Amino acid sequence: MILIVAKNHKDAAAFADMFYFMGILSYPATPANALSESQKGFRSVLFIDGNDEYEELVSSIRAYSIDLPIFSISKGDPSRLSSFFDREFIYNGYISSLICDIADYQKAHSLPLIGTYRLSGIDASVNLGDLLFFDKTVHLTKTELMIFRYLISSYPIPAKATNILKYAFRSGRMPEITNIRTHISVINSKFSGIAPYQIITSEPRIGYTVMTPERILH
């Protein structure tokens, strides 16, 4: 997941929506809640129009998440960007170019790649289109894929339905929380006959978890 931070929540949400359309989990935040959000399993943080006023916030995020790369983008002169970010990008209006830039940095530093969602023989990465369960293709809807990607990102910590709503859906386009159970049920039915066990399990008041051989053995 990628955390998008901007002074204006509307600006952060606009970028988060673009990542969502590309199939990448993202969440919009403002400086007021960026620190608390950054500790919830994100793989990177992206500041919109980052500058010196964010230095203290960036330092605080690093104190809690040492290996979390923190980026900034700007439409202006790169020389005006702040040096305390791991990498500063000039945004050219194409989200695909920005994703490639982030991926290049992650590859160079042996970090988990943006848009890659893999777990115990399950591959729900963005470049595939469909989900792969070992050598078998499972056709999921865009919504089902985003839910599955969030559960992979959360593993092994169970994901509450409220968090699935928060992180796997577009901001402002969330369904009723009761719909989560329906989506999970449909996903499980699509794995029937493909996986030798129920692929997503749930525990009351704890949350949903992807079932893996590791969990079965324990």
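**View 1. The buried residues of helix H4.** In this predicted model, the residues of H4 that are buried are Ile95, Leu98, Ile99, Ile102, Ala103, Tyr105 and Gln106. Because they cover an arc of only 160° around the axis, these residues lie on the same side of H4. An α-helix has 3.6 residues a turn, so residues three or four places apart point the same way. On the other side of H4, the exposed residues include Lys107 and Ala108.

**View 2. The surroundings and the end of helix H4.** Helix H4 comprises 14 residues, 95-108, and its span from the first C-alpha to the last is 20 Å, close to the 20 Å expected at 1.5 Å a residue. The elements that cover the buried residues of H4 include helix H1 (9-21) together with the strands E1 (2-5), E3 (44-48), E4 (70-74) and E5 (87-90). Just after H4, Ser110 adopts a positive phi of about 55°.

**View 3. The crossing of helices H5 and H7.** The axes of helix H5 (residues 142-154) and helix H7 (residues 178-191) come within 10 Å and cross at roughly 90°, which makes H5 roughly perpendicular to H7. On the H5 side the contact is made by Thr143, Glu144, Ile147, Phe148 and Leu151, while H7 contributes His183, Ile184, Val186, Ile187, Lys190 and Phe191. Sorted by class, the contact of H5 with H7 has seven nonpolar residues, two polar residues and two charged residues.

Definitions and conventions:
Residues are numbered from 1 along each chain as its sequence is written. This is a predicted model: local features need pLDDT of at least 70, side-chain atom pairs count only at pLDDT 80 or more; totals for chains, interfaces and linings use all residues. Side-chain values use heavy atoms; hydrogens and water are left out. Helices (H or I, at least four residues) and strands (E, at least two) are DSSP runs, numbered from the N terminus. The expected span of a helix is 1.5 Å times one less than its number of residues. Buried means under 20% relative accessible area, exposed over 50%, partly exposed in between (1.4 Å probe, protein chains only). The arc is that of the directions from the helix axis to the C-beta atoms. Contact means heavy atoms within 4.5 Å. Axes are lines fitted to C-alpha atoms, for helices over the stretch in contact, and angles run from 0 to 180 degrees between N-to-C directions. Angles under 35 degrees count as roughly parallel, over 145 as roughly antiparallel, 65 to 115 as roughly perpendicular and the rest as oblique. Ala, Val, Leu, Ile, Met, Phe, Trp, Tyr, Cys and Pro count as nonpolar, Asp, Glu, Lys and Arg as charged, and the others, Gly among them, as polar.
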